[in-house]
Amino acid sequence: MTTRLNPITTPRFEARAEKARRNKEAALTAFIGKKAEIDEMLARLQALSDDHFNCAPDEAGWAMVGTLEHYASLLKRITDSAFGEGEHAR
């Protein structure tokens with residue numbers, strides 16, 4: 001009579017399962033870190049926008065319009081990618 005091992009209880013399977021668990025945990029930690037980084041950038045941008053991008057009404061000119069257009073185009077690339085719009089439409 002031949003004894004067959006249960007593949008789920010072998011040391012090799014358990015080692016792979018532990019490695020997968022550690023990998024998933026590391027990915028979650030990295031995800032949370034990147035999300036916090038994005039949240040911080042968004043908060044800074046919101047504060048800058050609330051302060052009219054440090055532009056007093058008498059200082060507003062075409063140069064500032066150009067700066068805001070540049071910022072808007074960069075943010076549009078991000079939102080298009082995040083929401084599957086524009087060139088990223090699905």
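I count a salt bridge when a side-chain nitrogen of Lys or Arg is within 4 Å of a carboxyl oxygen of Asp or Glu. With that in hand I looked at Asp 39 and Lys 35, whose side chains meet in a salt bridge at 2.6 Å, N to O.

Ground rules before going on. The model is predicted, so I take local features at pLDDT of at least 70 and side-chain atom pairs at pLDDT 80 or more, while totals for chains, interfaces and linings use all residues. Residues are numbered from 1 along each chain as its sequence is written, and side-chain values use heavy atoms, with hydrogens and water left out.

**Overall form**

I looked up the secondary structure and found two helices and zero strands in the protein. The elements are DSSP runs numbered from the N terminus: helices are H or I of at least four residues, strands are E of at least two.

Next I checked the dimensions. The C-alpha trace spans about 90 × 30 × 15 Å along its principal axes. The radius of gyration is 25 Å, whereas a compact globule of 90 residues would have one near 12 Å. That radius is taken over C-alpha atoms, and the globule rule is 2.2 Å times the number of residues to the power 0.38.

The domain assignment lists domain 1 (11–54) and domain 2 (57–89); such bounds come from an automatic or database assignment. Their centres, over C-alpha atoms, are 25 Å apart.

Of the 90 residues, 6% count as buried. Buried is under 20% relative accessible area, exposed is over 50%, and partly exposed is in between (1.4 Å probe, protein chains only).

**Helix lengths**

Does the span of helix 1 agree or disagree with its residue count? At 1.5 Å a residue, its 40 residues should span 58 Å, and the end C-alpha atoms are 58 Å apart, so the two agree. I ran helix 2 too: its 22 residues should span 32 Å, and the ends are 30 Å apart, which agrees. The expected span is 1.5 Å times one less than the number of residues.

**After the helices**

Which residue with positive phi follows helix 1? I found His 52, with phi near 55°, a positive value in a residue other than glycine. His 52 sits in the loop between helix 1 and helix 2. I class His 52 as exposed because its relative accessible area is 58%.

Asn 54 lies in the loop between helix 1 and helix 2 and also isn't a glycine, yet has a positive phi of about 55°. Asn 54 counts as exposed, at 55% relative accessibility.

After helix 2 I noted Gly 84, with a positive phi near 65°.

**Salt bridges**

My count comes to six. Back to the opening pair: Asp 39 and Lys 35 are four residues apart in helix 1, so about one helical turn separates them. Both count as partly exposed, Asp 39 at 36% and Lys 35 at 44%.

Arg 21 bridges to Glu 25, with the closest N and O atoms 3.0 Å apart. They are four residues apart in helix 1, and therefore about one helical turn. Arg 21 is partly exposed at 42%, and Glu 25 is partly exposed at 48%.

In helix 2, I checked Lys 76 and Asp 80, four residues or about one turn apart. Their closest N and O atoms are 3.0 Å apart in a salt bridge. Is Asp 80 buried or exposed? Asp 80 counts as buried because its relative accessibility is 9%, whereas Lys 76 is partly exposed at 47%.

**Nonpolar patch**

Last, I looked for nonpolar surface. Ile 38, Met 41, Leu 42, Leu 45, Leu 75 and Ile 78 make a patch of about 540 Å². Helix 1 (11–50) and helix 2 (62–83) are the elements giving two or more residues to it, and helix 1 gives the most, with four.

Patch residues have over 30% relative accessible area and no salt bridge; like charges are joined within 9 Å, nonpolar side chains (Val, Leu, Ile, Met, Phe, Trp, Tyr) within 5 Å. Leu 75, in helix 2, is partly exposed because its relative accessibility is 38%.

How values were computed:
Accessible areas come from the Shrake-Rupley method with a 1.4 Å probe; for residues, only the protein chains shown count as cover.
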